Amino acid sequence: SGTGGPGGRGGAGGGASRGHEEVCVQVLAANSWRNVRQVQKSLRLSVGNASTRCYITSPYFHPPPSLLRAMTTAARRGVDVRVLTSGERCDVPLARIASRYIYATLIQSGVRIFEYQPATLHSKTVAVDSVYAFLGSFNFDRWSYHRNLEVGVAVLDPNVTKDMERRFLDNLRDSEEITADDVEDVPMLDRVKSGVAYLLATC
């Protein structure tokens, strides 16, 4: 069992060879029924301790308080925190409406939010400081955090993470950034709808 990386003890992993280099790879699980929270701990620590950049891709985006706090705290420290989430082609429209309820809080903290436009978004990735990369089934939402069985792979490697960051930035070219003006100009009825959707998504 591996002990290295932001996930701490419990994840299966170790060093994978790439030529003469060692790459730290750790398989992490989330299983609330057995109180296994390796994914949650790894993401919370990596996002919360980011120093330069943190790029998050999550189709369904209404993170629980601990992850939301890690993101906003990092952004206030000057970390470049960006989120890529579903746009109009979201396969669960209620999830997109719920996400918009917290956009204002995130944007006011300095987090930049982008909605992917060309197709349904499925990727779930995190890239931090060109060193830590995560890829798996985990969404930044209450279901993944508290209920679902999830699995992911955490990698400590600059080459892997920089490649993931490049792909993330490429996807932003096909995305629409949500600005402070966008969230301020939302009609009251839409605000109520997003609030109700958020309560349903996080209960």
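1. Two strands pair if DSSP finds at least two bridges between them, and strands themselves are DSSP runs of E, at least two residues long, with helices being H or I runs of at least four, all numbered from the N terminus. With that settled, β4 (residues 53–57) and β8 (residues 125–128) pair in the antiparallel sense over four bridges. Within that pairing, Cys54 stands opposite Val128 in β8.

2. A word on what we're looking at. This is a predicted model, where local features need pLDDT of at least 70 and side-chain atom pairs count only at pLDDT 80 or more, while totals for chains, interfaces and linings use all residues. Residues are numbered from 1 along each chain as its sequence is written, and side-chain values use heavy atoms, with hydrogens and water left out.

3. Overall picture: the protein has eight helices and 12 strands. Of its 203 residues, 47% are buried, where buried means under 20% relative accessible area, exposed over 50%, and partly exposed in between (1.4 Å probe, protein chains only). Taking contact as heavy atoms within 4.5 Å, 73% of the contacts with a separation of 6 or more link residues 24 or more positions apart. The accessible surface comes to about 10100 Å², with carbon and sulfur atoms supplying 53% of it; these areas come from the Shrake-Rupley method with a 1.4 Å probe, and for residues only the protein chains shown count as cover.

4. Back to β8, then. In a regular strand the side chains alternate between the two faces of the sheet. Here both faces are covered: Thr125 and Ala127 are buried on one side, Val126 and Val128 on the other. On to the next neighbour: β8 also runs antiparallel to β9 (residues 132–136), again joined by four bridges, and Val128 has Tyr132 as its bridge partner there. The β8–β9 hairpin has three residues between the strands, and Asp129 takes a positive phi near 55 degrees in it.

5. Now the parallel part. β6 (80–86) pairs with β4 in the parallel sense over five bridges, with Tyr55 opposite Arg82. Five bridges also join β6 to β7 (residues 112–116), again parallel, and in β7 the bridge partner of Thr85 is Glu115. β6 is mostly covered, with six of its seven residues buried.

6. Glu115 deserves a look. Salt bridges next: the rule is a side-chain nitrogen of Lys or Arg within 4 Å of a carboxyl oxygen of Asp or Glu, and the count comes to seven. One of them joins Asp80 and Arg82 at 3.0 Å, N to O; Asp80 is partly exposed at 22% relative accessible area, whereas Arg82 counts as buried at 16%. Another brings Arg112 and Glu177 together at 2.9 Å, N to O. Arg112 sits in β7 and Glu177 in β12 (residues 175–178), so this pair ties together parts that are 65 residues apart in sequence. Asp170 and Arg173 also meet, at 2.6 Å, N to O. Finally, salt bridges that share partners join Arg96, Arg100 and Glu115 into one network.

7. What about disulfides, and how many does the structure hold? It holds zero, going by cysteine sulfur atoms within 2.5 Å. Cys54 is buried at 0% relative accessibility, while Cys24 is partly exposed at 28%.

8. On the outside, Val92, Leu94, Met188, Val192, Val196 and Leu200 form a nonpolar surface patch with about 530 Å² of accessible area together. Patches are built from residues with over 30% relative accessible area and no salt bridge, joining like charges within 9 Å and nonpolar side chains (Val, Leu, Ile, Met, Phe, Trp, Tyr) within 5 Å. Helix α8 (residues 188–202) gives the most, with four residues. Val92 comes from the loop between β6 and α3 (93–99) and is partly exposed at 34%.

9. Arg191 is also in helix α8 and counts as partly exposed at 35% relative accessibility. Its C-alpha lies 9.3 Å from that of Ile97, 94 residues apart along the chain. Not counting residues up to four places away in sequence, Arg191 touches Val183, Glu184, Asp185 and Val186.
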